[in-house]
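I opened the notebook to look up a few things about packing and domains. Here is what I looked at, entry by entry.

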Amino acid sequence: MLKIKRSMRMLAKNVRECLGILIVLGVMCIILVCLTDKFATPPNLFNIIRQITINIFIACGMTLVILLGGIDLSVGSVIAVSGCISAGMATWDKLPVPVAIVIGILCGVAVGSLNGFIASFTTISPFIITLATMNIGRGIARLYTSAKTIAVLDPRYTFFGTGKIGKIPIQLFLIVAVVAITSFILNKTRLGRGIYFVGDNEQAAKYAGLNVRKIRFFVFLYSGILAAMAGILSTARTFAATMVMGTSAEMDAIAAVVIGGTSMSGGRGTLMGTVIGAVIIGVLNNGMNLLGINTSWQYVVQGVVILIALYIDYLRNKGGLIKLLKNKRIK
Amino acid sequence: MNPMLQMININKSFATVRVLHDVSFSLLAGEVHALVGENGAGKSTLIKILGGVYSRDSGDILIDGEEADITDVPSARSYGISIIHQELMLAPNLSIAENIFLGHDIKTKLGLVDINEMEKKAQGMLDGFNLSLHATDKISQLNIAQRQMIEILRSISFGAKIIVMDEPTSSLSEKEVNVLFDAILRLKKSGVGIIYISHRMSELDVVADRVTVLRDGHYIDTVKMKDTDHEQLVSLMVGRSMETFYVKHPHFSEKIILEVEHIKSGSMVKDASFTLRQGEVLGFAGLVGAGRSEMMNCLFGLAKVESGKIFLDGNPISIRNVREAIQMGFGMVPEDRNQEGIFPVQSIRYNTTIEVMDQFLGSGVYNAEKEYELAKKYLDDVLATRYSSLEQSIASLSGGNMQKVIFSRWLLSTKKILILDEPTRGIDVKTKTEIYRLIDNLTEQGLTIMLVSSELPELINMSDRIVVMSHGYTTGVLAREEFSQEKIMTYATMEM
């Protein structure tokens, strides 16, 4: 009984932390239901799910990186590298699809390991490290493709972009899987909890005996792997890989994480928030398409939403400060 | 003589919590007036009201007998009020002169910053205080005591008449404290009034003229320092008499649990040897920079032992990292609670159970129930920590309660030897005695303790033996019957 009560309480705490953005999402949905007939139809909802899949994959990794107090700018390029190389292996070199996909994911392992290695053995800021690997990745994609588009038509590959299980698009299952695995790592393993500790106070983490290097390395590696998977999913959905795919994907992921209330300075935030953040961005873009709003305006609106989310976060922190002072006096 | 500062019936509430009830305070020119009380007594709130950081709900502030309109920090400064915080607010990459004149640079006729003039004036001030420093030195080259002196000079350059010092000695060695006291004496002579906040009673004897005691937001009493003693002050602070401040019984056996032979590490630990007996409290005395914390870091796997031997229970060991140290039975409450101890954003629960989280996470099935029970058991039963929920972030606790959380963390996981590095720094009197009682209980239960402290009375009262260090060498070991401040200082200042 007590156990159920406690887990309910923890769930309530999670919901409370994300309450602000849940309300924003709710209001957006209500407005869209009122303004368009199409929004709340299954085909449109499935469409939103397909559209946000890439971002959710990247944002899951990005959440871990930002919780650690870092940032990963290379994920957009990893999408291109893994997409192009796996597509090339499958189409040009006629390798079996599973092999091509594994090679694509290994590209993410390589870039993620490089980021993680430098980030854990030097004090160079992750921003600079991943800015460099971002450029390297984009360059490799360009070299590999010679600026050509690689078509992928093998149904075993494209299944990951267009397949359905029953009537439900494969992407929904993939999203559930990646969120579940990331959530498990973050909340139920020593490593995941270590991410919060290192992001909060690295010095204290060392004094507490945490393996700070291992944690840093893992987080960048994980981000790289998820980005590589996102590259394959993206290729599978559009039947093609190009050297420009995934451009500015890192920004969408950062936006989702930030809207989800994760602190850019590390140590505070939830995966649930990130998922809601990604859904908000997806619903926003979808809604504006349905309403026939010009793409240029969509950028403006997305920027404004990020500012609003940050302002809510700021207000909440300020509230927290008042609480903090109160507690100090109560004792 | 009319007071230069009067604060009359100051009231302040945060939301619904009243933190100051009709508190009054006065300061004479050339006086050092100490403000004491436990954490949460309202000292810092009162000071922040004076400094313009908080606004008061009611009450008057008079300066030189006239109503002062303090609404924000600049207006407080314009009345000559300057606060020197515990965390020093200097720009480390700028020079001493630039820091002293930061915010009110001297300008040439063209309106450009006149660096030569600033350096000349700053040098004059440094010389005036007998500080052998150059105005062009960078702040990052200075030690904490020197930085503090720069803060004081900066206050003077602003024309401060009232200087508030918030725990100014908390990170100074005895020698450096004397430099500070010299400066305070000079300031007094020039007619500056000083409000002095400190937890260290022995300092008040030396430096304070009067003492005002606050408790739970109420004004309790103002006494002349020469008419009172520590016992009276402590009882005013906690509201009851403190019969036994230190709690200490011998619980050690003759069994040697740890032997350290001639270890060397880096430039701070040159040749250190000592033995530790089961159930003992072994004190470590020395000046700042003697290498005590660095030696503890060696034993805890934070620093590499370059040569020498360590025996645990008679077996030679090498400690390569913190996890190994913990597995061998060590635990450490670190010196700098904020930098090395707490995870400020994380919950009290996370902060408590970090060392034992494998118990709940290990197999992947998270056992929240067990984690709660364990954290609560130690926080509530063993240490009587005050908090409102295990889920609140640890940064919302007072220093004393934070330290209790850190203690709980290590009590949960330490098997043999607990290292305490300055365990009572910046902690109120009541929590201090609780920690002393805990230390005594722990040794009774068989734990062995190494206690590093800069407060000699604490070491003398709590230790079974004291190892004294100087310049990276262990220079002496004293048995309890030989303890005296003089003896310790002789060994601590020994040149090797």
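Predicted model: local features only at pLDDT ≥ 70, side-chain atom pairs only at ≥ 80, totals over all residues.

**Entry 1: a helix in chain B.** I began with α5, residues 144-157 of chain B. Its 14 residues reach 20 Å from first C-alpha to last, close to the 20 Å expected at 1.5 Å a residue. I noted them down: B:Arg147, B:Gln148, B:Met149, B:Ile150, B:Glu151, B:Ile152, B:Leu153, B:Arg154, B:Ser155, B:Ile156 and B:Ser157. The partners they pack against, in chain B, are β6 (81-84), α3 (96-100), α4 (115-128), β7 (162-166) and α6. Just after the helix, I found B:Gly159 with a positive phi of about 80°.

**Entry 2: the domains of chain B.** Next I checked how chain B is divided: domain 1 covers 5-238 and domain 2 covers 256-492. Their C-alpha centres lie 32 Å apart. To the contact between them, domain 1 gives 14 residues and domain 2 gives 13. On the domain 1 side, α6 (174-189) and α8 (230-238) each supply at least two residues. The most comes from α8(B), with three. I sorted the residues of that side by kind and got three nonpolar, six polar and five charged.

**Entry 3: the nonpolar cores.** Which residues have the most contacts inside the largest nonpolar core? They are A:Phe57, A:Ile58, A:Cys84, A:Leu226, B:Ile419, B:Met450 and B:Leu451, in a core of 165 residues. Helix α11 (residues 212-238) of chain A brings the largest share, 16 residues. Apart from this core lies another, of 64 residues, including B:Ile10 and B:Ile184. I then followed A:Phe57: beyond its neighbours within four places in sequence, A:Phe57 is in contact with A:Val178, A:Leu226, A:Met229, A:Ala230 and A:Leu233.

**Entry 4: one serine in chain A.** My last stop was A:Ser183, which lies in helix α8 (residues 170-188) of chain A. Is A:Ser183 buried or partly exposed? I count it as partly exposed, because 17 other C-beta atoms lie within 10 Å. A:Cys60 is 123 residues away from A:Ser183 along the chain, yet their C-alpha atoms are separated by 8.9 Å.

Methods: Residues numbered from 1 in each chain as written. Chains lettered and ligands numbered in written order. Core = buried A, V, L, I, M, F, W, Y, C linked by C-beta atoms within 7 Å. Buried ≥ 20, exposed ≤ 12 C-beta atoms within 10 Å, placed from the backbone. Helix = DSSP H or I, 4+ residues; strand = E, 2+ residues; numbered from the N terminus. Contact = placed C-beta atoms within 7 Å. Domains from an automatic or database assignment. Nonpolar A, V, L, I, M, F, W, Y, C, P; charged D, E, K, R; others polar. Expected span 1.5 Å × (residues − 1).
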